[in-house]
Amino acid sequence: MSDLLKLTALEAHEAMVAGDLAAAEYTAAWKAAAAGDELNAYLWRNEGAEEGEAIAVARDCIAPIAVKDIFTTEGVPTTAGSRILEGYRPPYTSTAVRKLLEAGAPILGKTNMDEFAMGSSNENSAYGPVLNPWDRERVPGGSSGGSAAVVAGGLAPWAIGTDTGGSIRQPASFCGIVGLKPTYGAISRYGMIAFASSLDQCGPLTRTVSDAALLLGILQGHDPCDSTSVGIEGGVSLPDREDLSGLRFGVPAELARDDFDAGVRAVFEQTLRKIEELGGEIAEVALPSAEHGISAYYVIAPAEASSNLARYDGVRYGMRDGGDSDLIEMYETTRSEGFGPEVKRRIMLGTYALSSGYYEAYYGQAQKVRTRIAEDFSGAFAGVDFVVTPTAPSVAFKLGEKTDDPLAMYLNDFFTVPMSLAGIPAISIPAGLAAPAGGGPQLPVGFQIAAPAFAEQKLLDAAYALEQGIGFDRGPNPGERFSIDRAADG
Amino acid sequence: MAELEAVIGLEIHVQLATKTKMFCGCELSFGDEPNVHTCPVCLAHPGVLPVPNEQAIRYALQIGLALGCEIAPHSIFHRKNYFYPDNPKAYQISQYDIPICGAGRLGDIRIHRAHLEEDAAKMIHVGSSGRIHGSGASLVDFNRGGTPLVEIVTEPDLRGAAEAAEWARLLRETVRQLGVSDVNMEEGSLRVDANVSVRPAGSEELGTKTELKNMNSFRFLQRGIEAELARQRELVESGGTVEQETLHFDPASGSLTSLRSKEEAHDYRYFPEPDLVPLAPSEEMLQEARESLPELPAARIARYEKMGLPGDVALTLATDPRTAGYFENVVEAADGIEPRVVANWVTGELAAALRQAEVEGGAADSRVSPPALASLVRMVQEKKISHGSGKTVLATLVAEGGDPEPIVEREGLAQMSDSGELEAIVEKAMAENPDAVERIREGNNKAIGAIVGAVMRETKGRADGGEVNRLIQEKL
């Protein structure tokens, strides 16, 4: 790895602003690195030709960035990992990408993902799975698997992804990087291809907490094109907290009986001790409804998806198949050929949940659970500053290990879904390494910290202090070191 | 069997005359080249989001207040899901259980609700019939897609086809005077569907209803309802039952054909639109909507009738607020003259004179100022000039403007005050029309017209008709 690529995005930004680093040279180094993608992480790379030029011109003082292929980029292929959008070049650019370009960040490429963000392993991409840079026989997590893999694998300094039920945090955990899901409404969803509109949120996948803060500062804000966006009052500044004194971290009592990997539990316990070492206090909190989160989520998200994905009908853009005989045949053939099995499964689930006579029993009930979970968190935050859990119940699993068992796959989101339903911010930071339950290589384990709505600054400050305290600086390759400490490397 | 009573409710779609569409910035248009007013949002590209049009919300509030509706402090947009090429998102953003406007009333008819939604795109079915059945291909024009609509739903309070059409006219006039829509039925900016059922007179229960669509004029609305009522009555009276279905009215044949039955009814899978927050009109918006309400036709008719105007004249003025304003200015200037008389001049003589002179626009745009018309009416009332001369002066005022007095003087139209002179002319006319005199003597009073006509010709209309009549009777 070239020394240039060892810089965090923040370090590179500061060096470029100071005139110590030439933006062109830095961007060229990353383009060269991205070109070496062996992980199937990029679906499109900006090679500077034709359409690429349009999105590469910027003030170049911000590190180039990889963008999940769910964000529309004018003139550049945008597939959301689906066959049904193969060849689609959107006529407009998403607000998140526009803000990045305006800030001066060239787009390195568009990253692979589970189709329409539905998945926890990236195996649901129509364009093949992404490989985990720590072990190419394993999944990088999902749905923002491409974005996590390019950051962990040295193919991009940082990336953006989307999180609906854990799609930023879980791949960040599996790949040993930082992933932040901001408060619902912190970042505009305009141009972010919708999976479940009431849950989807854009967020950073970065090497460090400071990079996540820098990126969140660029992305957040009210957008007139998204009436549900509000932004973060006062903006976001770089975290600089050194300890955790005076902060209370709540551990859900329910964790004690939850079934998850021993290795993950060990890293989690060890991180709790680190929090105490840094002056933080550990307390128990009750989230009695959280265990129903997965059930509620797998009603609400598919219900919204069934409606959001109905526009892919072959009439106006994207793939079209059939239709020689009539309209209905065209709809059916296009959608049968264009969507993958998991997407179809969720469309059917969601259509059923919303149908007349079942609405109250499913959608109505799920919304009540959602309200309860939000109330659980409000109750917890009355006594603690943060709620902490493991990010995922296991380390990265093997490709194909869970593809035949959708329920086992859905349980990957067990720890991340409640925060999504409550709309609150949560960050996953790498906390250590553990072997998979059945034995195997040492793999990263994420630690999740959740905070009250719009308390991103406080969350980032605490995560930064903990990150420095943990000192996790491993990259996927032996001997490779990620810079995490600004003071040491800056 | 008891007589069957008609039970009719209307669903009215009003296209709002905003500058832009309901959820995007595309301009509204009618009659432009297809698919020029489109954008990623109204074409439902991946990733787009709707942003509500504030002007449309203000217009909906005006309609709601004009219909006496309760305004919801927080109304909710829902998605109504169905696949059709005129519906690019495959859902229409509409309102479901909490509409912006709740219960209200217009005239004697209760309003159930009025809500905001977006219009579908326009489908053009290629082929001779213009209908989807039998057409070889269908084209979609997205210009109309996303136009703001207010859907007004009445309670089933209407009891006949003519009553329904009359009430629909009042509604159109009310909305038109708010200035929030073109309310043109032919162009589709006002669309009226009818829910029609019958039941034994005196029954409180509702019969099975059918829904009638595509009646693009008030005449067709009435004809469509009449035809459907006749069909239902015949069916029920012969022991059959009405099936719930949607019927398409064919203006050419006046017939109704079934579009879809209950079994084919869609399950729209309504759920709250997660891309939009609840709609909460601010106090400022409500205040502005209240203040912008003009005096509406129903209120104006009542006020004019109190002033002594006959019902039909009151209605004519109430449906034309600018002329009504003109009328009120004349009444004010003609202090003391009965408003009924002024109204007759405005809606009768002046309207006729404007038509005659082919003057565009109404009285308010004409060269006849309210004070000029007021003094003209006064001169006629005080018998300073004859009614006929009044019309002559009015024609001059329409052409030239100005005041009536100088015209009367210039044209020598002052009423003949010398009764000796008039008497001589009357005698001469009688002498020249012995036949008419004979017939009057035989009791045919109509024959008097011939003699009056001759006198008027002789005096160039300056003679007072009443005086001429009196003199003729005297001579006989």
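## Domains of chain B

In this predicted model, the C-alpha centres of domain 1 and domain 3 of chain B are separated by 63 Å. The domain assignment of chain B places domain 1 at residues 4–290, domain 2 at 295–411 and domain 3 at 419–475.

## Packing of helices α8 and α9 in chain B

Helix α8 of chain B covers residues 339–356 and packs against helix α9 of chain B, residues 370–381. Their axes lie 11 Å apart and form an angle of about 110°. Because angles of 65 to 115 degrees count as roughly perpendicular, α8(B) is described as roughly perpendicular to α9(B).

On the α8(B) side, the contact is formed by B:Val341, B:Val342, B:Trp345 and B:Leu350. The α9(B) side contributes B:Leu373, B:Val377 and B:Gln381. Sorted by class, the contact of α8(B) with α9(B) comprises six nonpolar residues and one polar residue, with no charged residues.

## Contact between chains A and B

Between the two chains, 36 residues of chain A are in contact with 24 residues of chain B. On the side of chain A that touches chain B, the elements giving two or more residues are α10 (293–308), α11 (327–338) and α12 (341–354) of chain A. Of these, α10(A) gives the most, with three residues.

The side of chain A that touches chain B has, by class, 19 nonpolar, eleven polar and six charged residues.

Conventions
Residues numbered from 1 in each chain as written. Chains lettered and ligands numbered in written order. Predicted model: local features only at pLDDT ≥ 70, side-chain atom pairs only at ≥ 80, totals over all residues. Axes fitted to C-alpha atoms, helices over the stretch in contact; angles between N-to-C directions. Helix = DSSP H or I, 4+ residues; strand = E, 2+ residues; numbered from the N terminus. Parallel < 35°, antiparallel > 145°, perpendicular 65-115°, else oblique. Contact = placed C-beta atoms within 7 Å. Nonpolar A, V, L, I, M, F, W, Y, C, P; charged D, E, K, R; others polar. Domains from an automatic or database assignment.
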